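User: I would like to go through the terms used for this model and see what each one rests on. Please set the values against the definitions.

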Amino acid sequence: MQHSSTTQHQHIATVMQVATDGADAQAAAGHEQVIRDSWLRCVQQHRLDPTRMQEAVILPQARLREHQDQMEALLQIARHGLEALYSKVAGLGYVVLLTDARGVTVDFLGDLVFEPSLRKAGLYLGADWSEQHAGTCGVGTCISTGEALTVHLDDHFDATHIPLTCTTAPVYDSAGELSAVLDISQLSSSQPKSSQHLALQLVKMTAHDIEHAAFLHRHRHDWILRLSAAPQFLDVQPEYLLALDANGRVVGHNRRAQLALQGRAVHAPPLVGRSFEALFELPFSQIGRFVLTQPSDQRAVMLAGGRQLLFLSAVPPPPRPVAAAQRERAVPAPLAALSAGDAALDRQVERVARLVNTPISLLITGETGSGKEFFAKAVHSSSERRARPFVAVNCAAIPEHLIESELFGHLPGSFSGASPKGKRGLIAEADGGTLFLDEIGDMPLALQARLLRVLSEREVLPVGATRPVPVNIRVIAATHAPLEQLVLAGRFRDDLYYRLKGAHIQLPPLRERSDLGAMITRLLGARSLTPAALQRLLSHPWPGNLRELRNVLDYAGSLCADGAIDLDDLPELQAGRLAVRADAAVDAAPDDGPDALLQALRAAHWNVSAVARAMGLSRMTLYRRMKRAAIVPPNRQDDPSLH
């Protein structure tokens, strides 16, 4: 609903009276104490002017990335909780936000139909909802108080925000520090504040689940104690979590355990560092009694001082294998085969090995030919989806007028030229498995919104259909294009970019890999190289990366005698670079800039196929890049479709 200027002026007058008369001002009697206290902070501490209405502050992309990178691990853990929460509230007009401890929105789920309004209201990625910038609001006041709350309509300090209703809950780390804020908000509400009670409970439950998951991940190598006042829920939904080291000292806890065992007093000694015996009337040496699979009602323990009887379940830390053996087990064979010892690539492989069975989308970037599809196939083969389809889609190779029906499928006769039998679509073909979207930067803008909906709702709507079809897919996207620059240029949706970038894998170019020699040996198979040929390969910069290396070895292997590749068997050298074609200018085409592309086309006498091969691209992709760069072949200068 729209708020009139009269309503805004009345709200400003109320806030001004609180600023003048204090939190007990009669005009603000209808607002909770936490709201009035926040208004005072805004005026006295943050020096905000209630008469100055300001729209939400949206951080630029570069600064947003800094905030996201600093909490990447929690973002990955929280994503499933955010999606589960959004599925419960999306039909009621809510959006779901996750902010960092400074109030910057680092993740967002919302209905794209309302995107312009959401951006303007600040219910979007990059919005700064700290109290010192936005005044009294759900996120900022949650950060200031450390408590879950609802800031409803004219509870907001800034009159710009009084159409909004925002319900938030804090997310604490295992050291008791605020790490994030979970928020669900509506652009407007015609209901009283009490209507948000259920929303508040949902947000608090989800925040607790995120804390729980982050705690278990952080302390997976420690003793984990689960405690509950009711034995029936001990193994299902424990209230309190503690992590202990091998000596029985607390190294982590959830927020509920902190409040129950440490207390709320300002000077209460911290829970971290306390011994097991200081908390319970039981020596740590008897912890094994609570590991056994006995009924939960027989696992009672008394808090120190006889304060309360709780029920305890203890999980010991897993045995720590030798580091090397641990790495071997942690990295599945298909992923381990991608590296022959390069440290940078090993780190990427070890990182993604922990994500193979998560629903988090992966974004793989790297130069042309650096092995992005091989990497995606290795992730699929390493996961529990390996028996299901791996469907690779080159978004640049499908003609733009067909990509919608190819991806989403279509009903019989749904458009001119449609198959009379209909088509299932590549997304549906990947059901249960992995959908690999190569050259995602070339996907048309109109289809990016549809793809985003597939990722959000996990369902696909075929062309001509009225009912969506549910799909269970893991999405891996890849590109060599600078997606962030495309976002800034308005050619790629930022919300889709961040949805795809659940985890970002940057593949190093072959020339920077320390395992080049080992990779050459691995790709040789049964063939061999003379020392001179090996030295020539090691000194080459490999602009085409692994694809070029494979092509060169296949070429040389077909010419060599007795399986031994000599210097003469290698393709011709041109200016210190391997040229598999005679035209050296065409071989220089892997530089993707418009000027280099135009130069390569001219040098190849406008042989588009030759330049596409040199760049490792399809002709369709090259034609699209020519169109974006306004490059028109001389023999087609009069074709209006190319201008």
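**Terms and values**

Analyst: Helix α20 is followed by G525, which has a positive phi, near 65°. This is a predicted model, in which local features need pLDDT of at least 70 and side-chain atom pairs count only at pLDDT 80 or more, while totals for chains, interfaces and linings use all residues. Residues are numbered from 1 along each chain as its sequence is written, and side-chain values use heavy atoms, with hydrogens and water left out.

User: What makes a run of residues a helix or a strand here, and how many of them does the protein chain have?

Analyst: Both are DSSP runs numbered from the N terminus: helices are H or I with at least four residues, strands are E with at least two. On that basis the protein chain has 26 helices and 23 strands.

User: Why are α1 and α2 called roughly perpendicular?

Analyst: Helix α1 (residues 5-21) and helix α2 (residues 33-44) pack at an angle of about 80°, with their axes 9 Å apart. That angle makes α1 roughly perpendicular to α2, the term being used for 65 to 115 degrees (under 35 is roughly parallel, over 145 roughly antiparallel, the rest oblique). Axes are lines fitted to C-alpha atoms, for helices over the stretch in contact, and angles run from 0 to 180 degrees between N-to-C directions.

User: Which residues make that contact?

Analyst: From α1 they are H11, T14, V15, V18 and A19, and from α2 R36, W39, L40 and V43, where contact means heavy atoms within 4.5 Å.

User: What makes the buried residues of α20 line one face?

Analyst: The buried residues of α20 (residues 516-524) are L516, M519, I520 and L524. Seen down the axis they fall within an arc of 140°, so they line one face of the helix; the arc is that of the directions from the helix axis to the C-beta atoms. Buried means under 20% relative accessible area, exposed over 50%, partly exposed in between (1.4 Å probe, protein chains only). These residues pack against β20 (528-529), α21 (531-539), α22 (545-559) and β21 (564-565).

User: How do you know that the buried residues of α3 are on the same side?

Analyst: Q61, L64, R65, H67 and Q68 are the buried residues of α3 (residues 61-70). They cover an arc of only 160° around the axis, which puts them on the same side of α3. The face turned away from that side carries the exposed residues D69 and Q70. Among the elements covering the buried residues are α4 (72-89) and β2 (94-100).
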